[in-house]
Amino acid sequence: MHRRVITVYVTLLVAACLGLSLPLCGSIAARGTSDMLLDRINDTARFAGIAEPAVLTGSGGILTAELTAYDRLYGISAIVVDREGGVVAASRPGLDITDIDPGRRSDDPMPEAVRNALAGNRMGADRVVYPWQDGPLIVAEPVGRSGEVVGAAVTASPTASLRRATLVQWALAAAAVTALMIAGIAAAGPLTRWILRPIDDLDEATRAVAGGSLDIRVRTAAGPVELRRLGESFNRMADTITAMLESQRVFVAYAGHQVRNPLAALRLRVDALSRHLTPEGRTGHRLALDEVDRLTRICDSLLTLARTEDTEHSTVWEDVGEVVRDRLLSWEPIAERAGATLLQEGGDGIRVRCVEGTLDQTLDALIDNALKFGGEGVRITVRVHGSPPGPDGEGHVDVHVVDDGPGLPEGQLAQATRPFWRDGGVGGSGLGLSIVVTLLELQGASLTLRPARPQGIDARIRLVTEPRPIPPPDRARI
């Protein structure tokens, strides 16, 4: 925007300066020519007034002396001719009508000004001498008797001094116009910034709101009416977004808080069942307690995410391999009933930084979908691949949840993470993957769905790794 406004401003400035300077230069040349022409018309008219007797008698003694003195004093050639163009008197010996205008056409017997004067027309003041013209300024006045033209008085004035004076004045005008253009161009930057300051304020406010600073507002007290209306609309939009996000944050906080109390009561009741269980049921009882604890952590995470200003301080380092093993152990009974196989590859000694429970929820959503849509006998493999740290001491780890089920077309894979998207008539709310995608994005992580080979879905979770490895936990692999 700045570049465009400056370009338009400078273009208009140059066009305006040129539009003013060209007529000014023409006016300067016309004024100088007019001054000289009026002076020569007066002198020539005086010669024409005293030339009638000489033209009628054919004797120019006194007139020749007058013309010679005039030429000697001013350096201007003068001549008086009769009706046929014959020389009656001249300011220099041998001066002929053909010598008055050296620049005339060779087929023209006399200058046009002389021909007009012999036709009875007086000289006008509409001629302009420009610096690139080097011919003399010819002025001719008719010599008449009782309304009859009997001859013409002609003067030929050198124009070198006139052209030099015109060039000097043009140079001064050009210097003034150039200075004006330089001053205008120098003022283009500050002037453009002043004009676009409301737009710059709106741009900065937009960037701040996009970066998460929802308390930024645009000043609407000054500026053009259109920009003030735009700023007011932006402020209302920011207020609306802030209110909506605050409502969502309050809802998540209320939901997480309200679910925690039933979960606490449920854990007490499930824990109280331990004294009534047989040794064979204690493993399932322990897994049930783990699930309740995991749900409690999820509620805590929701409460933490509801307070976005504390999200950075609520992150913890989690062992990827340990989380994967815990989730596969929890899903193993369901997988056995569905005839599915759960496998783990890699992950030992790799830690990631995230809000507690995020990786658990993501793996649960992906394994649940794989079991639900993969069909009987589906094979689900969780592969963990870590990358070495970069110059900043951080790398990334990819957790792939791969199944060999029927999968989805590539076009539907891109939509599967959108809220409320469901595959055909399959039940569910369509929120599972969209929720985990939101949780991951809040922490700089990502979830990508791609086709697996030869069939199925490859869901890749990319998270930040810890700069230093930790010893692998002493637990049996599944």
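Which residues have the most contacts inside the largest nonpolar core? In this predicted model, they are L363, L447 and I461, in a core of 38 residues.

Helix α10 supplies the largest share of the core, seven residues. Leaving aside residues up to four places away in sequence, L447 touches L366, T417, L433, V436, V437, L440, A459, R460 and I461.

A second topic is the pair of helices α1 and α6. Helix α1 spans residues 2–50 and helix α6 residues 188–210; their axes come within 10 Å and cross at roughly 135 degrees. This angle makes α1 oblique to α6. The crossing of the two helices is right-handed. On the α1 side, the contact is made by H2, V5, I6 and Y9, and on the α6 side by A188, L191, T192, R193, L196 and D200. Sorted by class, the contact of α1 with α6 has six nonpolar, two polar and two charged residues.

The last topic is R72. This residue lies in helix α3, which covers residues 61–74. With a relative accessible area of 64%, R72 is exposed, because the cut-off for exposed is over 50%. R72 and S91 are 19 residues apart in sequence, and the C-alpha to C-alpha distance between R72 and S91 is 8.3 Å.

Note on methods:
Residues numbered from 1 in each chain as written. Predicted model: local features only at pLDDT ≥ 70, side-chain atom pairs only at ≥ 80, totals over all residues. Heavy atoms only, no water. Core = buried A, V, L, I, M, F, W, Y, C linked by side-chain atoms within 4.5 Å. Buried < 20%, exposed > 50% of the residue type's maximum accessible area, 1.4 Å probe, protein only. Helix = DSSP H or I, 4+ residues; strand = E, 2+ residues; numbered from the N terminus. Contact = heavy atoms within 4.5 Å. Axes fitted to C-alpha atoms, helices over the stretch in contact; angles between N-to-C directions. Parallel < 35°, antiparallel > 145°, perpendicular 65-115°, else oblique. Left-handed = near helix turned anticlockwise from the far one by under 90°. Nonpolar A, V, L, I, M, F, W, Y, C, P; charged D, E, K, R; others polar.
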